[in-house]
Amino acid sequence: MNDFEIGVTKLQSNISWTPKNWFKLERGENLFRVLPPVHSLAKSGKIAQFYAYHGGFKNTKGKVCHFQCVQITDRKSKTITQRCSVCDMVTQLELKYKIAKEQPGVSQEQLKQFNYTQILPFKVQKRFFLNAINASNEIGILQIPYKSYMSLDTLLKKQQDRGLDPTGMRGAFLNFDKQSKYDGDPQVNFSVALATEQKGDDIKIKSHELTPEIIQEMKTKTVDLGTLYKTIDVSEVDALVNSQGEERTKIVDRLFGRPETAATPDNDLLSVDIPGTDATAVGRVEYGSTGLNVVAPQTPAVAAPVAPQSYSEVAPVANVQKTEVARPATAPVANTTPAAVDALSNDDFLKMFMPKQ
Ligand SMILES: [Zn+2]
């Protein structure tokens with residue numbers, strides 16, 4: 001009986017994805033506290049990561065797997081130097097859609113169905129991703145469009161000039177405003193301002209400090225934005241597009257690992273507000289795995305002229321009032337229409353919207 005052993009049950013520990021909170025901007029005011037750079041972005045001090053990515057391809061469990069768009073456009077000639085077969089496929093399907101629209105026997109319902117099942121899930125999406133805390137004090141991943149990111153960048157620079165950092169250890173909640181006439185309205189204005197709250201007779205900035213408890217929670221609940229979406233080879237992207245049915249799901253399984261855990265949550269594609277059809281910007285940023293690295297206050301780019309203060313000690317002077325914060329209509333970037341952004345090369349795009357390295 002000596003060779004009879006009883007072991008102890010060990011649960012799988014190599015799960016690559018645990019469920020996270022995903023935050024997005026709803027129409028109107030959205031309260032979020034942006035968290036400082038963590039994980040692989042800690043060193044570079046980047047609070048946000050841009051991704052151009054695709055979804056639509058499902059594994060054998062029916063889960064959608066996302067990966068980065070592989071299209072590369074030459075900066076000078078504006079020509080595509082590396083094609084993405086998913087983007088090409090979407091362009092072709094959009095042509096088909098236009099042709100179908102002119103056919104007398106095709107109903108609105110059929111067109112809608114085609115768009116929502118064959119085109120939109122595969123279409124390239126461009127977003128900035130941040131780790132943030134929502135109004136209910138939950139940590140999650142906030143995705144914002146480039147216009148919102150630009151407004152955030154402007155605000156952070158202004159605050160830095162005052163020696164303050166809303167994303168730092170002694171930070172503050174921000175109000176991400178999304179203004180449109182109705183849901184699905186292509187005319188959307190974004191602005192970001194310091195959030196305020198009523199305290200007695202006073203209006204104060206809604207300050208937020210990162211306590212040791214919150215930092216502990218950040219270790220498991222923030223994500224490494226540098227590795228959010230997987231990079232796959234051009235040949236693998238081709239193989240996916242050229243496959244069908246079971247063959248396709250098997251390729252997805254192979255590329256993304258265990259089907260149970262491979263998928264990243266699917267975003268709400270029905271409210272996609274990205275215009276244009278050609279992918280030009282690709283967030284090709286490679287990061288080494290440095291493990292968990294939660295660091296405290298940064299903003300290394302600019303030396304603060306005065307010692308950083310806490311928002312709890314700062315009066316909400318005129319320039320932090322919401323009405324005076326640059327809105328898209330008056331911001332220096334107001335003329336950057338979606339179409340203009342889509343025409344930019346990858347490098348130009350990133351240069352415009354990313355924080356200085
Ligand atoms: Zn693509």
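**Group meeting: a walk through the model**

Let's start at one residue. Not counting residues up to four places away in sequence, Ala132 touches Phe23, Phe32, Arg33, Val34, Leu35, Gly140 and Leu142. Keep in mind that this is a predicted model.

Now the overall numbers. The protein has 357 residues, and 33% of them count as buried. Its secondary structure comes to 8 helices and 14 strands. Take the contacts with a separation of 6 or more. Residues 24 or more positions apart account for 76% of those.

Next, the helices. H1 covers residues 85-102, and H2 covers residues 108-119. They pack at an angle of about 175°, with axes 11 Å apart. An angle over 145 degrees counts as roughly antiparallel, so that is what H1 is to H2. Who makes the contact? From H1, we have Val90, Leu93, Glu94, Tyr97, Ala100 and Lys101. From H2, it is Leu111, Phe114, Asn115, Gln118 and Ile119. By class, that contact has 7 nonpolar, 2 polar and 2 charged residues.

Stay with H2 for a moment. It has 12 residues and reaches 15 Å from first C-alpha to last. How many of its 12 residues are buried? The count is 1, and H2 is hardly covered.

On to H3, residues 146-161. This helix has 16 residues and reaches 23 Å, close to the 22 Å expected. Its buried residues are Tyr146, Lys147, Ser148, Tyr149, Met150, Ser151, Leu152, Asp153, Leu155, Leu156 and Gln159. After H3 comes Gly163, with a positive phi near 80°.

Last stop, a loop. Thr60 lies between strand S3 (48-58) and strand S4 (64-68). Is Thr60 buried, exposed or partly exposed? It is partly exposed, because 14 other C-beta atoms lie within 10 Å, while a buried residue needs 20 or more and an exposed one has 12 or fewer. Gly245 is 185 residues away along the chain, yet the two C-alpha atoms are separated by 9.8 Å.

Key. Residues numbered from 1 in each chain as written. Predicted model: local features only at pLDDT ≥ 70, side-chain atom pairs only at ≥ 80, totals over all residues. Axes fitted to C-alpha atoms, helices over the stretch in contact; angles between N-to-C directions. Helix = DSSP H or I, 4+ residues; strand = E, 2+ residues; numbered from the N terminus. Parallel < 35°, antiparallel > 145°, perpendicular 65-115°, else oblique. Contact = placed C-beta atoms within 7 Å. Nonpolar A, V, L, I, M, F, W, Y, C, P; charged D, E, K, R; others polar. Expected span 1.5 Å × (residues − 1).
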